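Me: I am new to this structure and would like to learn how to read it. Could you walk me through it step by step?

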Amino acid sequence: MAVETVTAKSAGRAKAQAKAVRERRVDWAKWGLGGYFLLFIVFLYAPMILMGILSFQGIQGALTWPFRGPISTIWWESIVDPDKPNPFISHATEIRTAGQNSLWLSLAAGAIVAVLSFTLSMAFRRRFRGDGLAFYVIMLALMTPGYLLALGTQLFWSYMEQSTSIWRTVLGANVVWGIAFGFLVMVSVWNRYDEHIEEAARDLGADAKRTFREVTLPLVWTGLFGAFLFGFTLTWNDYDRSVLFQERSTDTLPLTIGGLTFTGAIRPDLYALGTATTLVSMLAIVLMLVAVAVRARFRGAPVYRVEEELGLGEGLRVSRRAPAGEEAG
Amino acid sequence: MSSSSNPERPGPERGGGGSGAQLDLGEVEQAEAFLAEQPPTVEKALGEGTVGLRKSAWGTLAWATPGAAWLGFFLLAPLTFIVLVSFWTYEQGAKSGFRVEWTLSNYSSILHDSVYWNNMLTSFQTSLIAVAACLVFGFPVAYFLALKVQTLKWQIGLFILALAPFWTSFLTRSIAWTFPLMGREGALNKALTSLGIVDEPIAALGCSTLSVRLAMVQLYILFMITPLFFTLSQVDRSALEAARDLGGNWLRTFKEVILPQAAPGAVIGSIFVFVLTMGDYSTTRVIGCNKIASVGTIVNSNVELAVNYPRGAASAVLLVLALIAGVFVITRFSNLREEL
């Protein structure tokens, strides 16, 4: 008995030592890479943060450093309130119209992208003749430079003697761009989707329609939402695909931003506008995260299930830290 | 030994489907008897099966149609039209600026245009540099997120932190890059001079090819990190531990375990970065302050300044050919469709 305890003890100590050595070795690389990651985040966010800070300059505000105080919100007010008297030109009216145009257009694009990438991915689940070619067409949608697509669209529509507009052509081109991303999201969802569930539903007597409605759809809901979000944000931010179809009354926010940039009269209100559109995009992401989290709660599922549905899948699950059983042994 | 798995830990493999294989012989007999009793049901089931099969071709067609129609009308038709117009004749004052008369003159004038080729070359260089830089600087980020961050919560949180700028406008990010950060009066020059690293502000930081190239990395690196992160997070950590326990050094583990896994991600990321930087138009225009040219800005100047659509279309076609060639070369490194 006593001998056994001793060997168990020493074995445990050896194990702990090995673990400590391993952890020390891992830590070194981990902290190094962690520091690098931090630098990377700074590199990524610095321009936008600098821009945000400069949007709070005073009336003397310019485009570059140093910050010309006092700290004020006049530039923000000038993009929101058209009636506020300003010593400079306020673009608030056009920004408001542009904001509305952008919002409706992006919502529509998001919805269409969600539907179309879902239907396309459903077709791809059943392999069909020519699916390789079709896959390349979708990749083409991803890779066609936005400006070229806009050019082609303009040539095509003007040849058909159709008038172009934000709602006709820009929506079309942006949905094409969004479908590519939405489709990839859906494909990764299906790749991690267990088809046996559908089989089980059928075996239990559900017909195709019911299986689809009650089993398939609820399971890929998160992917659909991801596709919608891609469609929404890509359209919300698009400039290249819309620039050829500018019309003052139907301009989107990026077009207004581009107009402010390229016409030369750049003032810090451009920074305020840029920061504002950025914040809306960030808000969209936060909304999605909240929706995903709420859904996870609601279903009472462990959190990693949701990542699985998002296509973050197996890798993350494997990478979960093993439960603290090792130390006990 | 030290890395023996805990029985309670959720394994990487999906729920074992094989456990239901041990059927009692009696149960099978019972089932057969049950089926024999109800031949109509079986027949019905079989019938439905064949109907389902026959239906499925139509079903696939139905699923594919809306998306295919949209892509056909808004992607393939416009692209086809660019090709067509590039062979048509430029005519000032004609409807849409060209008439339908086949010609090669658009191409021949571009082929002899050294400015176009210089820009093509510069754009190509910029893209190659961007791809290489994104790969080199993006890989450690993806590696850190996928393999070094321990808990899932942190992994997702940090990944979204890195990914969030992707959801904001490239135009806005270019503006933020150009004016507050770069340039003679930009924050970077201010910081460098006040730290005493340089005496004079570096003029080359603003409105220059250097600035454009740096910005390309800043803007597009997320397209590299994302696929790399997804492929790297599929690396089995226990395989890494096993490699180490078996005495493989870091380099060897990296070469034989991590790289093969990361290859498809690197290929996808390279395609993204290459195509997006090569075809870029507005970023170059903002960051280069209208002074730096790329293929995209050349196409634009043909269209907006000269209103010469056929020539613009021809230069666009050449750009697309360059893109396709580049993507073709990149895809040789990995079989994407299999890996996806």
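Me: Which helix of chain A holds Ile257(A)?
Reply: Helices here are DSSP runs of H or I with at least four residues, strands are runs of E with at least two, and both are numbered from the N terminus. Ile257(A) sits in helix α9 of chain A. Please keep in mind that this is a predicted model, where local features need pLDDT of at least 70, side-chain atom pairs count only at pLDDT 80 or more, and totals for chains, interfaces and linings use all residues. Residues are numbered from 1 along each chain as its sequence is written, while chains are lettered from A and ligands numbered from 1 in the order in which they are written.

Me: Is Ile257(A) buried or exposed?
Reply: The idea is to count neighbours: a residue is buried if 20 or more other C-beta atoms lie within 10 Å of its own, exposed if 12 or fewer, and partly exposed in between, with C-beta atoms placed from the backbone. Ile257(A) counts as buried because it has 24 C-beta neighbours inside 10 Å.

Me: What does Ile257(A) touch, not counting residues up to four places away in sequence?
Reply: Two residues are in contact if their C-beta atoms, placed from the backbone, lie within 7 Å. On that basis, Ile257(A) touches Leu270(A), Leu273(A) and Gly274(A), and also Leu171(B) and Thr172(B) of chain B. Sequence distance and spatial distance can be read side by side too: Ile257(A) and Ile95(A) are 162 residues apart in sequence, with their C-alpha atoms 8.9 Å apart in space.

Me: How many residues of helix α9 of chain A are buried?
Reply: This helix covers residues 253-262 and is mostly covered, with eight of its 10 residues buried. Among them are Leu253(A), Pro254(A), Leu255(A) and Leu260(A).

Me: At what angle do helices α4 and α6 of chain A cross?
Reply: Two packed helices are described by the angle between their axes and the distance between the axes. Axes are lines fitted to C-alpha atoms, for helices over the stretch in contact, and angles run from 0 to 180 degrees between N-to-C directions. Helix α4 (residues 131-143) and helix α6 (residues 166-191) of chain A cross at roughly 120°, and their axes come within 8 Å. That makes α4(A) oblique to α6(A); angles under 35 degrees count as roughly parallel, over 145 as roughly antiparallel, 65 to 115 as roughly perpendicular and the rest as oblique.

Me: Which residues make that contact?
Reply: From α4(A) come Ile138(A), Ala141(A) and Leu142(A), and from α6(A) come Val176(A), Trp177(A), Ile179(A), Ala180(A) and Phe183(A). They divide into eight nonpolar, no polar and no charged. Here Ala, Val, Leu, Ile, Met, Phe, Trp, Tyr, Cys and Pro count as nonpolar, Asp, Glu, Lys and Arg as charged, and the others, Gly among them, as polar.

Me: How many residues of chain A are in contact with chain B?
Reply: In chain A, 86 residues are in contact with 84 residues of chain B. Helix α1 (residues 2-54) of chain A gives the largest share of the chain A side, 20 residues. That side divides into 54 nonpolar, 20 polar and 12 charged residues.

Me: Where in chain B is confidence lowest, and where is it highest?
Reply: pLDDT is the predictor's confidence in each residue, from 0 to 100. In chain B, helix α14 (residues 336-339) is lowest at a mean of 54, and helix α4 (residues 114-148) is highest at 88. Over residues 39-54 of chain B, pLDDT stays under 50. Where pLDDT is low, the predicted coordinates should not be read in detail.
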